[in-house]
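Subject: Structure handover

Hello,

Here is the structure you will be taking over. Please open it first, then read the notes below.

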Amino acid sequence: MTSAPESATPTPALLIRDLSKSFGDTVAVREATFEVTRGEIVALLGPSGCGKSTTLRMIAGFERPDSGLVLVNGETAVGPDVWQPPERRRVGIVPQDFALFPHLSVAENIAFGLADGHHAWWTRPWRRLRHERPPARVAEMLELVGLRDFGERYPHELSGGEAQRVALARALAPEPAAVLLDEPFSNLDQNLRASLRLAMRRILKAADTAAVFVTHDREEALSLADRVAVMREGRIEQIGPPDDIYYRPETRFIGSFVGDANILPATSVRGGAETELGFVILVNPEEGDDGRSLDVLLRPEQLALKRAEANDAGAGRVINSEYYGHDQVVRVALPSGHRVETRLRTETVWHPDDPVHVIVLDDAVGFPR
Ligand code: ATP
């Protein structure tokens, strides 16, 4: 076999093109199109009912799309006259509840993914009597997920985080082209989630597989994924790296959905916009369109406060503040009555009614009104 020239674009692990699905009158997914390369983690993020799970289920093969293509490592899994059942697709699945088999040990659960018909190790009834060792791949997977000594345990002897890693090991064991994770952290303790996200990312990167996960939690999507696809009403509105989605949202909906947002009325001027906070540079200026009504978006951490004189008519007033230790959120009423939220360091403490000037630290995003 000759290897592809280096300049050639590698075949994506997953290629999803114009995937659509309706249930009766409800359009669940509209022409979803995206690719995932090997080693890449993509999040499907959106509010409840936007079509995330249906998209994932169509890739897995649990749902038949009305139209569109799914290619796994270049092989058509779904297309005109093609339908591969889930077990034929090289796709691993981590269900929301992990779905470990309670009567099988951790090693047996992981080996289940490797099962090659009735010759599989885990299906041989005498394996336990003879103390037959599980396949080497099982030990490799236990090592990968940091559970080397857990092979003999049973699912009820695992914490939620450990059960999640076993489910991930089981999905990765057959070396799938991609793994699909349905709300991977929703069944876990809130305090554990942040540390488990890092562990999950490390494992997926070490496995060098493509991964797609569904979430409605913006922090989860932004911190775990290499690219985030934001869905709304069945459509992918934007797909891009987390900082693009956060600082350069293409729609107002995305801007407000992926983070706290101040939306201020503005008028476009050359290279930027005029707002109540003064001139702001826009990351997305439109040439030759001066005088247009805009809304501009600024994140709370893109603003700062400066103390003003008590009798300064142009100053805003602090409404309230919340102190978090590492930072604080301070809300300010501008002279117009418009309110903005700022996220600040904590060396200065602000009190209600303090007169303040709000300073813009960064470029803003403009949306035509
Ligand atoms: P959630 O975060 O609440 O799980 P979601 O973004 O995953 O939501 P989907 O579960 O994909 O959304 O649902 C998309 C739309 O399709 C919703 O309006 C839902 O009610 C509808 N839907 C999903 N599955 C079915 C089904 N089997 N029969 C009828 N309608 C369905």
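How many nonpolar, polar and charged residues does the shell around the ligand have? By class, there are 4 nonpolar, 6 polar and 1 charged. Ala, Val, Leu, Ile, Met, Phe, Trp, Tyr, Cys and Pro count as nonpolar, Asp, Glu, Lys and Arg as charged, and the others, Gly among them, as polar.

Some ground rules. This is a predicted model, in which local features need pLDDT of at least 70 and side-chain atom pairs count only at pLDDT 80 or more, while totals for chains, interfaces and linings use all residues. Residues are numbered from 1 along each chain as its sequence is written, and side-chain values use heavy atoms, with hydrogens and water left out.

The ligand

The residues around the ligand are F23, T26, A28, P47, S48, G49, C50, G51, K52, S53 and T54. The largest share, 3 residues, comes from α1. Helices (H or I, at least four residues) and strands (E, at least two) are DSSP runs, numbered from the N terminus.

The side chain of T54 has an N or O atom 2.5 Å from an oxygen atom of the ligand. For K52, a polar side-chain atom lies 2.9 Å from a ligand oxygen atom. For C50, a backbone N or O atom lies 3.1 Å from an oxygen atom of the ligand. Taken alone, the ligand exposes 630 Å². The protein buries 58% of that. Accessible areas come from the Shrake-Rupley method with a 1.4 Å probe; for residues, only the protein chains shown count as cover.

L45 lies in strand β3 (residues 41-45). Is L45 buried or exposed? L45 is buried, because its relative accessible area is 0%. Buried means under 20% relative accessible area, exposed over 50%, and partly exposed in between (1.4 Å probe, protein chains only). Contact means heavy atoms within 4.5 Å. The C-alpha atoms of L45 and A308 are separated by 41 Å, and the two residues are 263 apart along the chain.

D182 lies in strand β8 (residues 178-182). D182 touches S53, L56, V94, P95, Q96 and V214, again not counting residues up to four places away in sequence. Its C-alpha atom is 18 Å from that of F101, a residue 81 places away along the chain.

Two positive phi values

Most residues other than glycine have a negative phi. F98 has a positive phi of about 70° although it is not a glycine. F98 sits in the loop between β7 (91-94) and α2 (106-112). F98 is buried, with a relative accessible area of 6%.

Phi of E233 is also positive, near 45°, and E233 is not a glycine. E233 is found in the loop between β10 (227-232) and β11 (235-240). E233 is exposed, since its relative accessible area is 57%.

The domains

The domain assignment gives domain 1 (14-252) and domain 2 (260-368). Such bounds come from an automatic or database domain assignment. Taken over C-alpha atoms, the domain centres are 40 Å apart. The contact takes 9 residues from domain 1 and 9 residues from domain 2.

Best wishes

Terms used
A residue is near a molecule or strand if one of its heavy atoms lies within 4 Å of it. A polar contact is a pair of N or O atoms within 3.5 Å; within protein, one must be able to donate a hydrogen and the other to accept it, and residues adjacent in sequence count only if both atoms are side-chain atoms.
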